[in-house]
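Biologist: I am new to this structure and would like to learn how to read it. Could we go through it feature by feature?

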Amino acid sequence: MEFSNPTLRKYRDDRRRLLEFVLSSGLIKEIRTPAGPTTSFSSINFDSISTDYVLECINSGGVLDVSQARKRYYDESSQPITFLQMHLRSGDVYYLHSDPNSMGSPPFRMPPPMPMNHADFVELSKSETNYPAGKKSPPLFQETRKNCQVTTVPDLNCMGNTTVLSAVLPTLKTGFSDDDLRESAYEVFLACMMFSRVEIYSNEAKKRERSARFLGGLKNRREKRHVEHESPDRNLKIHETIRMQMQISEATDTLIRRRLTQFASGKPCGDIDVPQLSLALLTGILRTDFPSEKSYIHWKNRQANVLEELLSSDHNKNRKQMIGASLTKIRNPEEWDLKMSPSERSDFLLVIRQVALALTSMPGRFGIEGETYYWTTGYHLNIRLYEKILCSVFDILEDSQIIEESEEILELTKLTWSMLGITQKLHHALFAWVLFQQFVATEDMALLDYALCEVDKVLSAEMCDDREVAYTNSLTSSTFSNGHEMRLSLMQSIFLSISSWCDSKLQDYHLHFSKKKLFFERVVTMALSAGNEDFVPHISSEQFTGVGTSSVLVTGKIRGYVEKSLDAACRRVSFVLYLSIINFCDCNHNKVDLWSQVTCSPSSEYIKDTIHPLVTLANELNLIVEEDLSIFSPVLSQWYRECAMISAKKLHQFYGERLKPFLRDVTCLTMDVRKVLSAAVALEACLIKLHTSVCKETKSPSANGPAFDYFPIAEISGPIILDWIVAQHERILEWTARAFELEDWEPLSLQQKQAASAIEVFRIIEETVDQFFEFSLPMDIIHLQALLSIIFHSLDAYLSKMSIQLVEKKFFYPSTTLTRYKEAAFPIVKKKVVEHSILDDEVHRQLDILATSKLCIRLNTYRYIQKQITVLEDGIRKSWEAITPCRVYGCSAEMTPGSLGTSVDLNDESVTELFVATLDCIRDSAGHAIKRTCDFLGAKIVFWDMRDSFLFNLYHGGVEGNRLDDLLPQFDSALNNVCRLIDETIRDLVVSSIYKASLEGFVWLLLDGGPSRAFSDTDISMIEEDLSVFEDLFVANGEGLPRSLIEEESKFVHQILSLFSLQTQSVIQMLMESSEHISVDTTSPRYAQRYLGDAETLIRVLCHKKDREASKFLKRRYQLPPSSDYGETSSEDSSFHSPLLADIVKRSASFRWSDKSQSSFKFMKKKLQEATWDIKHVTWSK
């Protein structure tokens, strides 16, 4: 809420900052909202939480409940305390600690109160009723109405400048103006206060007591409030407020107060009436007391008019003539002010006073305590004066606001009851009337709430005695209804006027209360309350019923509202439809038989940007249904539960009569047919929702069967949608194949690292899904199955095209010959060359195409597919759930609300199975492709991209001269390149695959490194150091792979190194024990399948162990050739003839024997099996 007062706005801003500081300082341990615990302050309105409650929460443990803080704030707002400890109702009021008078003039008033958002206008307690006029009753504002809460709503668009059915009092003979009534009312109000001995100090006395205010501020709140309420200073403040509210100048007020003080000094307390007041003012106030002659003449004539209105009703002809002549002289300025002396004027006034005293002494007609002659003869003036007094509670600067001093002002108005003939019940009726008139003029709902409270007080008041009832009924009023004048009692006229205004709005509530639920509820309540049959008579055969009447009469009135408002809404919609038909036919150049052409020609295409009339009609009716569902039905169902069903059936019938001719000739799904059918389905779904909103809570027969004759849309649209889906399948497959062929596997940008073809495929799929659900037509699970099927086949085809381009890892691993270690005695002797296999040209081409950067883009694309599948699935599920009402009701006209839940549950199970069989399979396939591609990428980087530096050079010819240090920059560069290209979500997975492949390379170097690699104990120590450095590279100071994963993966390599550290005899012993388990297959097991005790591993350890005992064992038992007999070509030489000639051999696993090695290994197994027993008992000598 924004405030125009800068000081108040600054105060509010400071208050918000202080509260935010307190909440963020840690003093509050937990903040609880209706949605659950929160740490954010964005959802908290600091203007509507109690600061006292916040401080209490800090003292009690630091747990703040926002709902309780807001409730506490509203409770405190009903009686806040300002610096003067006033008894005010609004929490939005702010007063300065400065003297308003020092600010200069005009205006001579306190700072204006701010709008009241949460004030509760309270009522008189039950003990207040039946108090005699003039007697003081208990405190005014004691809340008795539970729902009497003021809520601010936006201004009504259609309710401005609306007059209330007038409650006409008898005409004033003298033609009183509104200002005359206001000024006379102030004189009456002031006189009643002074004659009731309400002490009012002058301004001078007020200034003398200013010094005492500071001391009063030190007292506690309750004590100070009591002192101020009773003090003359407080009375003076209230008096000043009344004066400014009734727009009386300070000079006029001083003049009248001085004269009334003189007059009241010789009169007993409370002994005064209106004629005596006017005569006293005429006697004591002279022409010289006024600033101008014009103002004096106006004031004098007004006093004469008051006397004429009250004394001319005397039936004594002589006295009446004498009064008339006297008043004529008073009005004549020349004769009264110039020709007559003061004594002559006193004599004239004395005569009038005697007549007035004679009428005053006459007994009342009804014998009520305090009743005077003027109660009945002058009520037409008295009631008007009292209305003006009541109007003083409205802020003159903000007509829609009630001032904060209203409680005290209303308390003081009771002092006028004995003079003006007001009773307790009549006061509530008049105050309700004044509030309601102000509400109509300002359209502020707070005033309507206050008026409702006053009406309830009238209805709930205790029964008055017969005398008071007779008196109230004697106050008649002329009321005009339907062009006829009616004579009713004043109270009946008031309630009839209020009820008639409410009826006029509620008979078209769709127009007047759109999007204003609270406003609508208050007006309905007022209509039923003010239309109480105890006050409102029968008019034009229409029964006005209230909340206190029988339910039959209430439901009848509510049903009338519903039917009349729907009729009015349908008339407006029909006019909109008529305009739409004209526009549609004009655009399509169709001038003949407009409606029949539109409704019976569904196959004709409409021109772009034109809307079919049936679509326009459905949209308009949808707005009506939505308002009924959210605004009107929840309110009206409090009195008449079937109102929603009446609305739904009437609107369904209204649209169905216009839709059926259109449906009869639908043969194809043109654009206008699609839009009309979609609009009809949406409308029917809303109507069903409206109808069933109360079916479960009512015993209506409609709850047990179909509510409507459903539109036959499903039978028309179902086959058409399936044909469309089938047509989309071929289109998507064609676009998928084309996008893949054009793919170059380059990233789109630094942020979008996936392939462009994947984005294009999903764009096509999403367009298809959007078009599918944009039909907004009844669908069955078969339609969803067809949609998911084309999505599955499209993505599966794309994934298959990506997967078949990968090369099997078996082509990466070089082949070697098993030898035993022996140093060369004659280096110049020609040596044997290791046999190699030539790689197929197609495989070689594929490996060149599958560069590391392109493999990274492929991995990103797989990951992108996984993410998009989840997004796509969520979107399809939400869209499918959104059309569930269309599916259930549209496809089965026999479906009832009772069977709706079962059908939806069954559909949900089937839908879940469909998603598992399609999209989940795609998601799993992408996951498997990521795993396979990661393994391929790691193996390719280690065994292909770095084969020369890693496989052929590391430890070649000796460890000391070929350490790992020279290779670390290459590994670091490869890792940086991969991390730069790969998606963050799969970075660790890719790096882990590179690390595993590197470890596999280490195992290959140790076990299959060839004749040029043999390791001593010193070499093993250096290799262990290299391995430790290699592990640190991948840990990357905590930014790489987890240390636990690194250690777990490298465990096997460390175990292999430990075998090299064992004594040769121990390794041979282990080999003998495991020889019985050697596999018949000569193929070496994969790295992941190796273990320390298998014979293949132990034999390779002995082959690469730089040890004479191991060499002697291998020579004697397996006849393995010595390593000195073989020489290996360098990487340069091997790559010169063919890139793959020297280092690639066909192998089916991580490590495979060459053909010659395989036959040798078969022979070794045979020897091992024959010599197992002997070896176990023989110690080998050198």
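Predicted model: local features only at pLDDT ≥ 70, side-chain atom pairs only at ≥ 80, totals over all residues.

Biologist: How many bridges join β1 to β3?

Modeller: Three bridges join them, and the two strands run parallel. In one of these strands, β3, L64 is the bridge partner of I31.

Biologist: How do I read a salt bridge within a helix?

Modeller: Start with the spacing. An α-helix has 3.6 residues a turn, so residues three or four places apart point the same way. Here R763 and E760 both lie in helix α31, three residues apart, about one turn of the helix. They form a salt bridge whose closest N and O atoms are 2.5 Å apart.

Biologist: Are R763 and E760 buried, or partly exposed?

Modeller: Buried means under 20% relative accessible area, and exposed means over 50%. R763 has 34%, so it is partly exposed. E760, at 22%, is also partly exposed.

Biologist: Which parts of the chain does the pair of E746 and K854 link?

Modeller: E746 and K854 form a salt bridge, with 3.1 Å between the closest N and O atoms. This pair links distant parts of the chain, 108 residues apart: E746 is in the loop between α30 (714–741) and α31 (756–774), and K854 is in helix α34 (residues 852–882). E746 has a relative accessible area of 37% and is therefore partly exposed. K854 is partly exposed too, at 21%.

Biologist: How many residues of helix α45 are buried?

Modeller: Nine of the nine residues in α45 (residues 1095–1103) are buried, which leaves the helix mostly covered. Among them are E1096 and R1100.

Biologist: Which residues form a nonpolar patch on the surface?

Modeller: F575, Y578 and L579 do, and together they have about 330 Å² of accessible area. Y578 belongs to helix α25 (residues 551–587). Because its relative accessibility is 47%, Y578 counts as partly exposed.

Biologist: What joins the side chains of S343 and S341?

Modeller: A polar contact of 3.0 Å joins them. S343 lies in helix α14 (residues 342–360), and its relative accessible area of 45% makes S343 partly exposed.

Technical notes:
Residues numbered from 1 in each chain as written. Heavy atoms only, no water. Helix = DSSP H or I, 4+ residues; strand = E, 2+ residues; numbered from the N terminus. Buried < 20%, exposed > 50% of the residue type's maximum accessible area, 1.4 Å probe, protein only. Polar contact = N/O pair within 3.5 Å; in protein donor to acceptor, adjacent residues only side chain to side chain. Pairing = 2+ DSSP bridges. Patch = residues over 30% accessible without salt bridge, like charges linked within 9 Å, V, L, I, M, F, W, Y side chains within 5 Å. Areas by Shrake-Rupley, 256 points an atom, 1.4 Å probe, with all protein chains shown as cover. Salt bridge = Lys/Arg side-chain N within 4 Å of Asp/Glu carboxyl O.
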